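Here are some notes to read alongside the model.

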Amino acid sequence: MSEPLLTIDGLQAWYGRAHILDGIALTVGRGEVVALMGRNGAGKTTTLKAIMGLVERRAATLRFDGRDLSALPAHRIARLGVGYVPEDRRIFADLTVEENLEVGRQPPRPGAPAWTPEKLFALFPNLAEMRGRRGTRMSGGEQQMLTLARTLMGNPSLLLLDEPSEGLAPLIVRQMAEAVRRLKAEGLSVLLSEQSLSFASAVADRACVIETGRPRWTGTMTGLMADDGVRAAYLAV
Amino acid sequence: MSFLLVQALSGLATAATLFLVSSGLTIVFGVTRIVNFAHGSFYMVGAYAGWSLIERFGGTPAGFWGSVTAAALAMGVLGAAMEIGLLRRLYRSPELFQLLGTFGVVLVVQDLTAWAWGPEDLLGRRAPGLKGSIDILDQPFPLYDLVLIGLGPLVLGLLWLLFNRTRWGTLVRAATQDREMASALGVDPARLFTGVLFLGCALAGLGGALQVPREAVTLQMDMAIVVEAFVVVVVGGMGSLAGAFLASLLIGQLQAFGILVFPQITLVLVFLFMAVVLVLRPHGLLGRAEEVPPTAPATVTVPLSTGGHTGSWALALLALLAAVPLVAGDYALILLTEVVILALFAASLHLLIGLGGLVSFGHAAWFGLGAYGSALLVKHMGAPMPLALAGAPVLAGLGALVAGWFCVRRSGLYFAMLTLAFAQIAWSIAFQWYAVTGGDNGILGVWPSSWAAGKAAYYWLTLALCGGTLWLLRRAAFAPFGYALRAGRDSGLRAESVGIDVRRFQWMAFVLAGSAAGLAGGLYAFAKGSVFPTLLAVPQSVDALVMVLMGGIQTVAGPLAGAVVFHLLKSEVMSLTDWWRLVLGLIIVALVLVFPRGIVGFLSGLRSSFVRRRA
Ligand SMILES: Nc1ncnc2c1ncn2[C@@H]1O[C@H](COP(=O)(O)OP(=O)(O)OP(=O)(O)O)[C@@H](O)[C@H]1O
Ligand SMILES: [Mg+2]
């Protein structure tokens with residue numbers, strides 16, 4: 001079997017003096033969708049940020065596509081083909097939709113789908129109607145679509161999606177799930193953090209469950225759905 | 001009528017230069033959130049470099065404009081170098097460090113420029129093809145100025161296109177809003193910011209080089225323009241290009257017509273205009289509230305400790321100091337007298353910064369007002385020394401009362417800019433009101449009464465007055481007044497919610513600090529026997545900041561240690577060289593980069609790590 005696209009082992013991360021992550025380990029294979037699951041404050045966001053190089057201090061074995069990420073700054077990691085979609089959206093509110101996409105644009109990458117604004121507008125028809133609109137005047141769902149589209153403009157081969165379904169209306173959640181499946185079909189690998197089992201089970205192949213910054217369970221999504229004990233211990237509220 | 005038109009046009013020409021320089025300053029601030037004190041230095045060096053190039057190549061129009069462009073580009077390169085060498089390390093620092101660090105660059109550049117081009121003012125040649133003037137309603141108006149007037153809107157338009165119609169501009173705007181997100185999208189913010197400094201400093205250099213045909217190139221250009229550019233940027237709204245354009249126009253006209261009505265106080269008019277605008281429109285004419293981020297706290301909020309034995313230590317130190325005249329000669333006493341005075345000056349500033357979190361960039365105003373107050377009482381009223389000394393804190397306190405009312409309305413950078421503006425008002429009065437203050441010549445012959453004329457006697461007097469005032473300041477720091485100030489500093493909103501009128505306490509602190517600085521100024525005037533406008537100028541304010549910073553902000557003893565080290569350094573080490581600005585500038589930069597916690601902080605850090613290692 002070939003090396004997975006992303007390999008994380010022994011991931012440690014700190015905010016100031018607070019030791020947040022302790023030994024997170026997971027892999028994402030090519031074309032695979034993996035759900036990182038856990039309760040509020042478990043460390044899902046921090047894990048994704050640590051992969052992206054956005055925490056002050058981290059230590060880990062971090063390999064992506066045969067490269068070592070552990071010493072690289074965020075923009076270098078992004079340029080290697082890791083796309084990051086933050087949970088709090090963080091669109092550039094003063095910029096128009098098209099300008100937001102322009103910020104994310106990077107040259108096409110062999111082995112990853114190549115995106116243009118037109119292709120993205122086809123994927124997210126809502127956005128097409130508001131190309132010239134500034135981010136301040138968009139709904140939460142539209143902002144979430146824009147964040148994803150903006151990251152796709154970098155033609156990533158791996159997508160880090162932080163709670164894509166959080167705070168969205170059911171209709172938008174279904175569109176989001178549909179979009180993730182389309183991306184997988186295009187050949188993208190996805191690591192998404194989720195609290196919603198239904199969303200995760202709709203899109204993910206495998207799951208990795210964490211609690212207070214430590215790995216607790218890894219297996220297939222079907223396996224997780226079948227294991228009431230694990231779900232009750234680490235996921236139920 | 002036609003005369004007024006020509007006056008308005010010359011105001012427009014001034015405005016164009018002002019806009020070129022201010023646009024660079026506001027762009028750099030908008031992106032990096034740093035107010036770059038050294039911006040005027042790029043203007044000045046741009047003018048010097050432009051002068052040299054124009055002397056050599058400026059005989060033809062192509063040579064002239066090529067020279068101007070080359071000077072601007074060279075300044076851009078220097079600006080980029082400063083970003084890489086200095087600013088990059090200051091993005092997360094409190095604004096006090098950013099202002100001081102870039103002021104260190106001002107000092108270094110001043111000496112390097114004097115070294116390269118000499119101290120003489122330089123007159124450049126006129127622009128080929130634009131030497132004449134045209135008649136506007138029968139009044140002659142220089143052609144070159146007409147070109148400048150056109151250049152202002154042209155540059156504004158080009159900058160607008162750059163920021164709104166190019167990928168680079170889009171990336172800069174994105175990184176301005178959210179640096180981290182931009183970097184997660186593959187944008188290298190460091191390179192972007194270097195580019196922004198290139199652009200901003202090139203604009204300053206362009207403004208400078210374009211002045212060569214209009215006025216003499218001098219070593220004073222840097223401070224003059226940067227202070228005016230501050231005013232423009234603050235009035236227009238920090239970070240707003242259109243605001244800078246509008247403010248330049250208004251201030252250009254204010255200067256053009258102000259000089260007709262109040263030729264003595266044109267500078268005062270400009271600063272008063274800024275103070276009024278800020279009170280009416282806190283974010284400037286076109287600024288937006290969110291343009292100014294919540295400012296990083298000026299201080300690390302370590303609680304001050306009263307320290308068990310501080311009182312007895314202080315008394316022992318006082319006794320020791322009082323005994324010095326028994327062993328020391330006159331020279332040492334003069335030096336020590338100055339150190340004691342400066343310690344009070346620094347401690348009064350520390351009250352504002354350390355307790356109130358209010359970073360004043362114009363504290364010299366009160367020191368100078370006290371000094372001038374004493375000197376004027378002696379010169380014009382024949383007052384005896386005790387009366388003149390008593391007048392110093394009163395006059396400074398009154399000045400601080402008025403200025404403080406404006407200043408405490410704003411916090412952070414705006415507070416710093418407002419205090420700077422009031423200090424510049426005081427300075428320009430001392431500098432321009434020749435009949436009363438003697439202008440640049442100052443006031444001489446301010447000597448102590450005969451009973452205090454001996455060096456030892458005056459030293460004891462100084463020690464007693466400064467010691468007493470320091471004791472009062474310290475009492476205030478640990479009284480409810482001091483706690484209220486600190487509560488306001490650490491969390492203004494929370495303090496308000498428990499019923500503390502933060503602004504009122506800050507105002508009181510401003511007046512108290514101003515009076516104490518005024519007393520120091522009065523003592524200084526009699527110690528020196530003379531006063532000069534430099535006592536109120538920006539470098540004097542910076543000296544106070546450096547003393548506070550050298551000692552360390554977190555401790556009450558810090559400013560005292562800072563005053564000792566700084567004054568000895570300045571009078572003993574820097575007097576050995578003609579290049580003291582260079583030395584001082586480098587010291588400031590080192591302080592900001594390497595010892596941000598000051599001497600006392602550094603020592604206590606050493607001590608606690610030593611204790612930890614032994615434990
Ligand atoms: N900037 C920060 N500084 C200090 N601690 C933080 C910071 N951000 C998060 N934490 C802490 O780190 C831990 C993990 O947070 P994280 O945001 O990674 O959790 P999460 O699994 O994404 O939670 P959620 O489902 O609520 O998004 C939490 O205990 C949180 O309080
Ligand atoms: Mg999260």
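How many residues does the contact take from chain B and from chain A? Point 1 has the answer, after a word on the source. This is a predicted model, in which local features need pLDDT of at least 70 and side-chain atom pairs count only at pLDDT 80 or more, while totals for chains, interfaces and linings use all residues. Residues are numbered from 1 along each chain as its sequence is written, chains are lettered from A and ligands numbered from 1 in the order in which they are written, and side-chain values use heavy atoms, with hydrogens and water left out.

1. The interface. The contact (heavy atoms within 4.5 Å) takes 22 residues from chain A and 19 residues from chain B. About 1900 Å² is buried between the two chains, and carbon and sulfur atoms give 52% of that area. Buried area here is the accessible area (1.4 Å probe) that two parts lose on being put together, summed over both. On the chain B side, B:Arg167, B:Met181 and B:Leu185 lose the most area to chain A, together 31% of what that side buries.

2. Salt bridges. Four salt bridges are counted between chain B and chain A, each a side-chain nitrogen of Lys or Arg within 4 Å of a carboxyl oxygen of Asp or Glu. A:Glu99 and B:Arg173 meet in a salt bridge at 2.7 Å, N to O.

3. Helix 3 of chain A. Seven of the eight residues of this helix are buried, A:Glu99 among them. Buried means under 20% relative accessible area, exposed over 50%, and partly exposed in between (1.4 Å probe, protein chains only). The buried residues pack against helices 4 (117-123), 5 (125-128) and 6 (140-152) of chain A, together with helix 5 (143-165) and helix 6 (167-177) of chain B. Helices (H or I, at least four residues) and strands (E, at least two) are DSSP runs, numbered from the N terminus.

4. The magnesium ion. A:Thr45 (OG1) and A:Glu87 (OE) coordinate ligand 2, the magnesium ion, at 1.9 to 2.8 Å. A:Thr45 lies in helix 1 and A:Glu87 in the loop between strand 6 (82-85) and helix 3 (97-104) of chain A, so the pair ties together parts that are 42 residues apart in sequence. Donors are N, O and S atoms within 2.8 Å of the metal (3.2 Å for Na, K and Ca); water is not among the atoms, so sites may look incomplete. A:Thr45 counts as buried at 17% relative accessibility, whereas A:Glu87, at 26%, counts as partly exposed.
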